[in-house]
Amino acid sequence: MTPLPPPAPLPADFLLSVLMPAYNEAATVRDVVAAVLAAPFRKELVVVDDGSTDGTGAVLQAIAAAEPSVRVLRHERNLGKGAALRTAFAAARGDVWLIQDADREYSPEDYPALLRPIVDGNAHVVYGSRFLGGPYARVHLYVHYLGNRVLTFCSNLLTGLNLTDMETCYKVFRREVGERVAIRSKRFTVEPELTARFARMQARIYEVPVRYAGRDYDEGKKITWRDGIAALWAIVRFRLFP
């Protein structure tokens, strides 16, 4: 793959595309959208309702009717985070694309820090790391932490990168990077897939610390140990057999 040209600073009026997959997040999506819209950037919000059955779609349609910067796309059945991001990538119009979950685990208050390396012309891609000492992070079971560290280690081993948090939701990148990515993953394996693709195009990647308020399974968390096993295979597949 042809390496990316060096990044350049962005103009002050750049457009940010916030790309948000949403599946059965009626309890949280309104608050997350409000926080995104409050971020101090010229932006569009592209939300993909991935076959929700809990009223998420109705909440989003009401928001979009009142907010012209919000666009809602819908999958008639649940296809997974990777499929939702594939739909969002095709619709994005901005100069910078930022992936945002709809579950309140990650805060749009971190947008200025996430965007700074790209705006200044230092980075093609920025990862928001939960393990670099952000303002706060909810304490969870050690096995969850260990799983993230193992997946990040295996990814780094094959990509040659030195990330601290490959599985983070917050991946931010310039439009020219996103346009070179054809997502094949349907579910959470999109995280190692994106990382492998960024590494193959020799993107200049930065990490910044972010706050993290992780939730439990009884609060709606969806990723399981099965997704961890799938991620291990995806790390090998997308690095060695792209």
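Predicted model: local features only at pLDDT ≥ 70, side-chain atom pairs only at ≥ 80, totals over all residues.
Where is Asn24 found? Asn24 sits in the loop between strand 1 and helix 1 (29–38), and the views below start from the sheet and come back to this loop. Residues are numbered from 1 along each chain as its sequence is written, and side-chain values use heavy atoms, with hydrogens and water left out.View 1. Strands here are DSSP runs of E with at least two residues, helices are runs of H or I with at least four, and both are numbered from the N terminus. Two strands pair if DSSP finds at least two bridges between them. Strand 5 (residues 125–129) and strand 6 (residues 171–174) pair in the antiparallel sense over three bridges. In strand 6, Lys171 stands opposite Tyr127.

**View 1. Thr87 is a residue of helix 3.** Leaving aside neighbours within four places in sequence, Thr87 is in contact (heavy atoms within 4.5 Å) with Val48, Leu73 and His75. Thr87 has 25% relative accessibility and counts as partly exposed. On this scale, buried means under 20% relative accessible area, exposed over 50%, and partly exposed in between, with a 1.4 Å probe and protein chains only. Thr87 and Ile183 are 96 residues apart in sequence, yet their C-alpha atoms are 9.5 Å apart in space.

**View 2. A salt bridge joins the side chains of Asp49 and Arg74.** The N to O distance is 2.4 Å. Asp49 belongs to strand 2 (residues 43–50) and Arg74 to strand 3 (residues 70–75), 25 residues apart. A salt bridge is a side-chain nitrogen of Lys or Arg within 4 Å of a carboxyl oxygen of Asp or Glu. By this rule the count comes to 14 salt bridges. Side chains of opposite charge can pair when their charged atoms come close. Are the two partners buried or partly exposed? Asp49 is buried, at 1% relative accessibility, whereas Arg74 is partly exposed, at 40% relative accessible area.

**View 3. Glu191 forms a salt bridge with Lys81.** The closest N and O atoms are 2.8 Å apart. This pair links distant parts of the chain, with Glu191 in helix 7 (residues 190–200) and Lys81 in helix 3 (residues 81–91), 110 residues apart. Both Glu191 and Lys81 are buried. Salt bridges that share partners join Lys81, Asp101, Lys171 and Glu191 into one network.

**View 4. Six residues form a nonpolar patch on the surface.** Tyr142, Tyr145, Leu146, Val150, Ile229 and Leu232 have about 550 Å² of accessible area together. Areas come from the Shrake-Rupley method with a 1.4 Å probe, and for residues only the protein chains shown count as cover. Patch residues have over 30% relative accessible area and no salt bridge; nonpolar side chains (Val, Leu, Ile, Met, Phe, Trp, Tyr) are joined within 5 Å, and like charges within 9 Å. Helix 5 (142–159) and helix 8 (225–240) each supply at least two residues, and the largest share, four residues, comes from helix 5. Leu232 lies in helix 8 and is partly exposed, with a relative accessible area of 33%.

**View 5. Asn24 and Gln202 each have a positive phi.** For Asn24, which is not a glycine, phi is about 55°. Asn24 is partly exposed, with a relative accessible area of 23%. Gln202, also a residue other than glycine, has a phi near 55°. Gln202 lies in the loop between helix 7 and strand 7 and is exposed, with a relative accessible area of 54%.
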